[in-house]
Amino acid sequence: PTADALLLAHHVQAGCDEITEGIRRVTRARQRNRINITASPYFATRHLLDRLARFRAIMPEADLRLTTLVDLPDFQRDEVDVAIQWGYGGWKGLEEIPLLRDWKVPCCTPALAARLTGPSDLLDMTLLHPVLSDRLWRDVLAHLGITGTPRDGIRIQDAAAMRQATLAGLGIGLISEADAAEDLRSGALVAPFGRDVMRAMPADQVPGFHLLLPRAHRRVPQVAAFADWVEKEDWNAAPDGAGGSA
């Protein structure tokens with residue numbers, strides 16, 4: 001192509017992009033009852049799904065679309081209205097509302113526990129890390145008074161896979177309290193350093209689940225209503241309102 005053709009192609013492409021965006025916005029405007037939600041798989045299954053009927057009672061005409069996702073979505077590209085994300089906070093350019101802390105319990109199979117004589121033995125064990133955080137085990141080890149460098153561990157994608165890897169004896173896992181309680185009760189796992197290790201850690205070292213959305217999304221009434229409902233829910237309570245720890 002000639003130089004003139006390349007220049008013209010640039011402007012034609014820009015015009016096509018503008019038309020595409022206009023069509024997307026008009027189409028979305030006709031579908032404003034739809035609320036596109038992404039949530040951490042663990043939060044969705046343990047907390048959100050059992051409560052969604054409460055929001056539908058408030059706004060029965062809402063067309064809810066829920067996708068589970070470990071990583072933070074691209075709100076514009078993926079056309080996501082709100083997200084519930086696991087982490088420590090500090091997402092730039094987004095409205096961020098903490099919902100629930102995710103205290104973890106260091107767990108392993110009884111066979112692996114038999115090899116542990118004290119916290120320092122963790123340096124020689126395989127540690128199972130969540131892919132979203134390199135600091136979680138580091139903070140736990142520091143809290144236990146361990147200053148050495150642990151051996152290379154295994155990165156695990158989500159909470160369900162972390163639990164299964166721990167049950168399979170692949171290493172020492174950091175299991176969310178609700179899951180840990182079930183496996184400790186059955187005897188499938190043990191907590192060699194106690195169940196409340198993270199409860200004594202500083203708050204900024206404890207990850208959790210956060211509601212995230214671009215501030216402009218609050219202008220859409222249905223999205224604002226959903227965000228307000230999520231913010232007001234007591235996520236520490238049992239879904240049926242009976243109370244209890246999440």
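Residues are numbered from 1 along each chain as its sequence is written, and side-chain values use heavy atoms, without hydrogens or water. Because the model is predicted, local features need pLDDT of at least 70 and side-chain atom pairs count only at pLDDT 80 or more, while totals for chains, interfaces and linings use all residues.

**Overall form**

The protein has eight helices and nine strands. Its radius of gyration is 22 Å, well over the 18 Å that the globule rule gives for 246 residues, so the protein is more spread out than a compact globule. The radius is taken over C-alpha atoms, and the rule is 2.2 Å times the number of residues to the power 0.38. The C-alpha trace spans about 70 × 55 × 30 Å along its principal axes.

Helices (H or I, at least four residues) and strands (E, at least two) are DSSP runs, numbered from the N terminus. Buried means under 20% relative accessible area, exposed over 50%, and partly exposed in between, with a 1.4 Å probe and protein chains only. Of the 246 residues, 43% are buried.

Contact means heavy atoms within 4.5 Å. Among contacts between residues at least 6 apart in sequence, 77% join residues at least 24 apart.

**Strand E3**

Strand E3 covers residues 82-87. Six of its six residues are buried, so E3 is largely enclosed by the rest of the structure. Both faces are covered. Val-82, Ile-84 and Trp-86 are buried on one side, and Ala-83, Gln-85 and Gly-87 on the other.

E3 has a parallel pairing with strand E1 (residues 34-39), over three bridges. There, Ile-37 stands opposite Val-82. E3 also pairs with strand E9 (residues 208-213), in the antiparallel sense over five bridges. His-210 in E9 is the bridge partner of Gln-85. Two strands pair if DSSP finds at least two bridges between them.

**Helix H7**

Helix H7 spans residues 177-186. Its buried residues are Glu-177, Asp-179, Ala-180, Ala-181, Asp-183 and Leu-184. Their cover includes helices H2 (41-48) and H6 (159-167), along with strands E5 (104-107) and E8 (173-176). Gly-187 follows H7, with a positive phi near 90°.

| Residue | Helix | Relative accessible area |
|---|---|---|
| Ala-227 | H8 (residues 221-232) | 0% |
| Arg-163 | H6 | 17% |
| His-47 | H2 | 4% |

Ala-227 is in contact with Leu-211, Leu-213 and Arg-218, leaving aside neighbours within four places in sequence. Ala-227 and Ala-83 are 144 residues apart in sequence, yet 9.6 Å apart in space, C-alpha to C-alpha. Ala-83 is one of the buried residues of E3.

Arg-163 touches Arg-46, Ile-175, Asp-179, Glu-182 and Asp-183, not counting residues up to four places away in sequence. Among these, Asp-179 and Asp-183 are buried residues of H7.

His-47 and Ala-237 are 190 residues apart along the chain, and their C-alpha atoms are separated by 9.4 Å.
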